[in-house]
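Trainee: Please take one kind of contact in this model and go through it closely. I would like the cut-off for each term as it comes up.

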Amino acid sequence: MTELSRRHLMAGAAGLGLASQLSAPALAQAFPARPITLVVPWGAGGGTDATARIVGSLMEREFGQPVNVVNRTGGSGVVGHSAIATGAADGYTIGMVTVEITMMHWQGLTQLKHDSYTPLALMNEDPPGVQVSASSPYADLKALADAIRANPGKLKASGTGQGGIWHLALVGWLGAMGLPPTAVPWVPSNGAAPAMQDLAAGGIDIVTCSVPEAKAMLDAGRARSLAIMASARNPQFPNVPTLKEAIGVDYTVGAWRGIAAPKGLPAPIAERFTTVLKKINESKEFTDFMAARGFGVKWADGAGFAKFMAEGDAAMGVAMRAAGLARQA
Amino acid sequence: MSTFIEAWQMVLAPDVLLAILLSAIYGLVVGSLPGLSATMATALLVPVTFYLSPIAAIATIITASAMAIFSGDIPGCLLRIPGTPASAAYTDEAYAMTRKGQPELALGICLWFSALGGVFGTLSLIIMAPLLAEFALSFSTFEYFWLAFLGLMCATVVARSSPVKAIAAMLLGLLIACVGIENPAGTPRFTFGMTDLLGGIEVIPALVGCFAVAEVMRAMSVPEPPQLARRKFGSILAGQWKLTKEYPKQQARGNVVGIIIGVLPGAGADMAAWVSYAMAKRFSKTPEKFGTGHPEGLIEAGASNNASLASGWVPSLLFGIPGDTITAIAIGVLYMKGLNPGPTLFTEKASSMYALYIIFMLGNIIMIPLGIIMIRLATFILRAKRYMIMPVIVLLCAVGSFATGNNLFLVISVAAFGCIGYLMEKNGFPVAALVLGIVMGNMVETHFITSLIKSDGSLLPFFARPVSATLAAITIGLMVWPLAVWLYKKRTQATAAAA
Amino acid sequence: MHIPNRATGIGLAVLGAAVAYGGSLLPPVPGQQVGPNVFPMVIGIGLVLCGIAIAIGIGKSFEEPEEVVASEDGAHVPADAVAPVPHAALKTIVPPLLLLFYAFTVDHLGFIPTAAVMVATTCFALGGTWRSALILALCAPPAVHLVFAKLLRVPLPPGLLPIPW
């Protein structure tokens, strides 16, 4: 074989390689060839940021490529969520989407919806609990529910801002009991921690935030958790019943976090992500980390995540219309 | 006692000591860069703490945040560019000292009284944590409303200009705080359909624009000021000892106010510095010297600033309620490392708790030697030519503000605030009052509206709850007093003129 | 740029009126006695009052004339006693314009070239020589890139001139 023909052959092989890069299996095998950016729509130091960072560092180990976690804040999550949706659909820009994606479009804040993405995996879900002050006269959820029915509008609840996830959880719960949202007026707060403080200070009566967010105050004996709005009890709080067990109301809701890519991500790359994310979701590092923070681990693959978001979106629409928060039909 | 020895062993581990030293240097450098705040310095440390042992992880957060708060005073003092919203309260004072040829003295005050304040804050944490926590828990939205209102009143006391213009500047700040959806109603306000405005305008771009960019703009229109005389300064600390003996009352008051405000979640170091500076001026025998390079206000505000930082950990450690953005991040790290906040932390993990106290003390003590080195190095920039320093500042403004949210819109808002700050300054409107309005705006509105929801629309609880009533009396008194003095003066002047 | 008090006062009053009007258009929120419209209206009215007070000169006696530092011992002199800088008005708007330049071009040009342009222009506008502007443009951007992109992991766009590290 002459030098010339060999060079031709190599050029041909290279050409073949280039062509095959577009074919499915090779594409997934070669992926990733450079660092991946993981966009977080919320600020550094919060729960979503921490979850994204642990997922990012485990993904880095699986892929053997750096995964840069980037906080794109602003616009109450809209800016970051749109950065994920408008990124190049080549697998090098992915992001952590949160429950707010099923809420923001109902408020008319953005056109983005759950179907603006290629869902990859659901990683976490935290159901809210119903917390009352330690000195509250209501011993269990039944007593509380009766008090709400007897005196609509008297008890006040808090946990997050107006129209936030925990506000809608309250509205949804009241709706499931057949009560209007005005039965328990919502006091907006800057997150769960200030609400728990106001609960202890006697300013409000109920806080519907996730049980982990209330954990420190529960441990301090300042507050009690009467029930959680989930289908099963939380193993870390085995004494807290579900809504169904407590008052027979079948209502579940939760704040969730998942990984998604821009719409139109090639299927082989999406599958590769889902495989890796499943491994991460089951890894000891991830479950230990989530348990330490008190976060619930949940898993759904791409298709399951898409279905989960669609169902959540519809439920949110009902609750937001009931609360008069929806600006868009 | 054995737990105490155990705690020392935990702190004296080589990895912990190294973590303290490195994060101290890191905090000093990041805090001194215009556009990067102490919160930012802490947030950027979080990924690093993944790889550290629990005590080392917390040590990095504690040390870096304390250092960054002090070193935020450095650009404020040397270039009139405050590094944190807290130091905006006394930037003009510190800068005036620099122009009088006393930059080392001014920075020395910030350093020495910050460290002392930090030590007192830590002592309060050790001795009275449960008591302070109880106090913090007695605050509901009614009390917070008056507290925030009181904070706003400081704008007129601190400013060295027309009180009408100070109030106007503060109202502009409140207006800026209105922008976005982060209000109690969750309704977008003044966003003009722009997604970037939905989240509101943050205080860091405003601070960077109004002070740093406006300062560069001013530099453009005036000739280069003459070089400061190259003087030989003696020990930085010797002068401080003298000041400590000269102003014991101011220092003590600063510490107490800092501890009280710091322990209240949501108030934090920013407000502590403002209230203390205003108090120093109000109670001073020589209020006319304030703003001309007088150490009194600096001492009180500097002490208050760092005292509040330490006491801010009380509600965080006991109830998991963050005192400010820094402790909010720290709580995340605590959880991650299995040191879950709550009273059990003080009983079951007592040795870890003592270790935290020791780190607080160590952090504030090593702040002094490291801070002195930093001051000596930083004062070199006073000798550099203006055209070598200002370009780097413009660049840092762009990158620093971008880094707070990785969003280029922040750079645009910095440019806009540069123009606003420049125009305000030129026309006698105090820029610091604008910053105060932005910091406090949301707090005033949220607490007012949530209080009304809770009381079913009645204003009575604002005046009926004991703590609330006390705060209301102070606020209204402060509001009426200067007006009464002004009217009285006008009257005596008029009668004198008539006679 | 000094604007007469009358003009700033009227400007503030107009702004306040616009804010109060804009605020009054906001819809009320169910379950809240005080809606999102109240706070902007209070601010707007406050601004109108302040604007009028400034325009008619209330509180003027508290103001001090603007001063700049002119001599080595830090003594102040009135602003208009200092020799003016050529093209001062034009130069004043250079920093905000450069920030806008950064915001709109950094994604296309990349961090290093954009930063170099910013640094050199500011240096030049402040009276630096070509040599100092060049030195700054070569040294400052890589140094800032090192601190922010490497140590603080801020995603600065590589653009045309990616940094090798």
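Mentor: Of the 165 residues of chain C, 43% count as buried (under 20% relative accessible area; exposed is over 50%, partly exposed in between, with a 1.4 Å probe and protein chains only). The model is predicted, so local features need pLDDT of at least 70 and side-chain atom pairs pLDDT 80 or more, while totals for chains, interfaces and linings use all residues. Residues are numbered from 1 along each chain, chains are lettered from A and ligands numbered from 1 as written, and side-chain values use heavy atoms, without hydrogens and water.

Chain C has six helices and two strands (DSSP runs numbered from the N terminus: H or I of at least four residues, or E of at least two). Along the sequence of chain C, the order of these elements is α-α-β-β-α-α-α-α.

The contact to look at is the salt bridge (a side-chain nitrogen of Lys or Arg within 4 Å of a carboxyl oxygen of Asp or Glu). Over all chains, the count comes to 21 salt bridges.

Start in chain A, where the side chains of A:Glu62 and A:Lys279 form a salt bridge with an N to O distance of 3.1 Å. A:Glu62 belongs to helix α3 of chain A (residues 47–63) and A:Lys279 to helix α10 of chain A (residues 267–282), so this pair ties together parts that lie 217 residues apart in sequence.

A:Ile269 is buried, with a relative accessible area of 4%. A:Ile269 and A:Leu120 are 149 residues apart in sequence, and their C-alpha atoms are 9.9 Å apart in space.

Another pair in chain A is A:Asp146 with A:Lys142, whose side chains meet in a salt bridge at 3.4 Å, N to O. Both residues sit in helix α5 of chain A (residues 141–150); because A:Asp146 and A:Lys142 are four residues apart there, about one helical turn separates them. A:Asp146 is partly exposed at 40% relative accessibility, and A:Lys142 is partly exposed too, at 48%.

Now chain B, where B:Arg465 forms a salt bridge with B:Glu143 and the closest N and O atoms are 2.8 Å apart. B:Arg465 lies in the loop between α23 (461–464) and α24 (466–498) of chain B, and B:Glu143 in helix α8 of chain B (residues 141–158), so the pair ties together parts 322 residues apart in sequence.

In chain B, a network of them links B:Arg80, B:Asp92, B:Glu215, B:Arg218 and B:Glu425.

To go over the pairs again, the bridge between A:Glu62 and A:Lys279 has an N to O distance of 3.1 Å, the bridge between A:Asp146 and A:Lys142 has 3.4 Å, and the bridge between B:Arg465 and B:Glu143 has 2.8 Å. When you find these pairs in the structure, look at the sequence separation as well: 217 residues for the pair of A:Glu62 and A:Lys279, four for A:Asp146 and A:Lys142, and 322 for B:Arg465 and B:Glu143.
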